[in-house]
Amino acid sequence: MTVYSKRKIPPAELAFDIDGVVADTMVMFVDLARKRYGLEDFTKDHIDCYDLHQCVNLDSEVLNELICMTLDDEHTLRTPPVPGAPQVLSRLAQHGPLRFVTARIWPESITQWLHLTLEDVPKEQIQVIATGDPGKKLQILKEMNIRFFVEDRLETCRQLAREDIQPLLFDQPWNRKTLAEEFPRVQSWSQLSEWVLPSSAALR
Ligand SMILES: [Mg+2]
């Protein structure tokens with residue numbers, strides 16, 4: 001995106017969502033749906049909306065169980081990272097603390113996951129805030145003086161943009177319905193690295 005090609009995003013003004021941006025949480029969800037509920041042909045590309053109840057063909061109760069299982073401690077710790085995320089974040093950590101703001105209710109297991117996934121980053125360089133509600137991210141980000149936020153949920157991006165926090169929409173099947181480019185869309189961590197890391201450190 002040309003607007004960021006000349007001016008790098010200052011690391012101190014940048015924060016990240018976790019699920020769908022750093023953690024490939026829906027890979028775990030799809031895996032469980034296939035193995036435990038027999039949805040053999042189900043893939044991440046079938047998840048074309050954020051509200052799983054509207055786009056996954058499972059009974060509501062079963063779906064809630066599946067979501068809970070995906071987010072429990074055991075499966076959180078087994079979730080794969082989004083490709084490239086550990087490399088870029090490890091390099092970024094050399095320029096200051098990494099800040100994560102998640103709508104999860106409990107920060108413990110996902111923080112432990114970050115410590116394991118970013119094994120080269122000192123633990124004190126990893127800050128995690130769990131808001132319990134996506135609507136509460138805005139206030140937290142304002143208090144942290146964050147100006148740029150990488151997020152996969154369209155509604156949250158819109159809310160932040162209204163208050164002058166620049167969202168960077170991380171491309172996922174569930175946020176492709178809006179074709180108009182409301183926000184800069186990040187296709188990969190390799191692309192993101194060109195905006196947030198010094199040129200010599202960007203992934204190729
Ligand atoms: Mg997310």
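A pocket, on a 1 Å grid over the protein atoms alone, is an open set of points with protein on both sides within 12 Å along at least five of seven lines, and its lining residues have an atom within 4 Å of a point. Grid points are joined across faces, edges and corners, and a volume is the space filled by probe spheres set on the points.

Good morning. The structure is a predicted model, in which local features need pLDDT of at least 70 and side-chain atom pairs count only at pLDDT 80 or more, while totals for chains, interfaces and linings use all residues. Residues are numbered from 1 along each chain as its sequence is written, and side-chain values use heavy atoms, with hydrogens and water left out.

The largest pocket holds about 870 Å³ of space. Of its 33 lining residues, Asp19, Tyr50, Ile67, Leu71 and Arg104 are the closest to the centre. Two or more lining residues come from each of H2, helix H3 (52-55), H4 and helix H7 (108-117); helices here are DSSP runs of H or I with at least four residues, strands are runs of E with at least two, and both are numbered from the N terminus. H4 contributes the most, five residues. By class, the lining has 13 nonpolar, nine polar and 11 charged residues, where Ala, Val, Leu, Ile, Met, Phe, Trp, Tyr, Cys and Pro count as nonpolar, Asp, Glu, Lys and Arg as charged, and the others, Gly among them, as polar.

The second largest pocket has about 160 Å³ of space. Among its lining residues are Asp48, Cys49, Tyr50, Asp152, Arg153 and Trp174. This lining divides into four nonpolar, one polar and six charged residues. It draws at least three residues from each of domain 1 (10-24 + 80-196) and domain 2 (25-77), and the lining of the largest pocket likewise draws at least three from each. These domain bounds come from an automatic or database domain assignment.

Next, the metal site. Which residues coordinate the magnesium ion? They are Asp17 (OD), Asp19 (O) and Asp152 (OD), at 2.0 to 2.2 Å. Donors are N, O and S atoms within 2.8 Å of the metal (3.2 Å for Na, K and Ca), and water is not among the atoms, so sites may look incomplete. In sequence the donor residues are spaced D-x1-D-x132-D. Aspartate 19, in the loop between S1 and helix H2 (25-37), and aspartate 152, in the loop between strand S4 (148-151) and helix H9 (154-162), lie 133 residues apart and link distant parts of the chain. Aspartate 19 and aspartate 152 are both buried, that is, under 20% relative accessible area, with exposed meaning over 50% and partly exposed in between (1.4 Å probe, protein chains only).

I turn to the cysteines. How many disulfides does the model contain? The count is zero, a disulfide being a pair of cysteine sulfur atoms within 2.5 Å. Cysteine 68 is too far for a bond, because its sulfur is 17 Å from the closest cysteine sulfur, in cysteine 55. Cysteine 68 is found in helix H4 (residues 60-71) and is exposed, at 55% relative accessible area. Cysteine 49, in contrast, is buried, at 12%.

Finally, the cavities, which are sets of points where a 1.4 Å probe fits but cannot get out. The whole structure has two of 30 Å³ or more.
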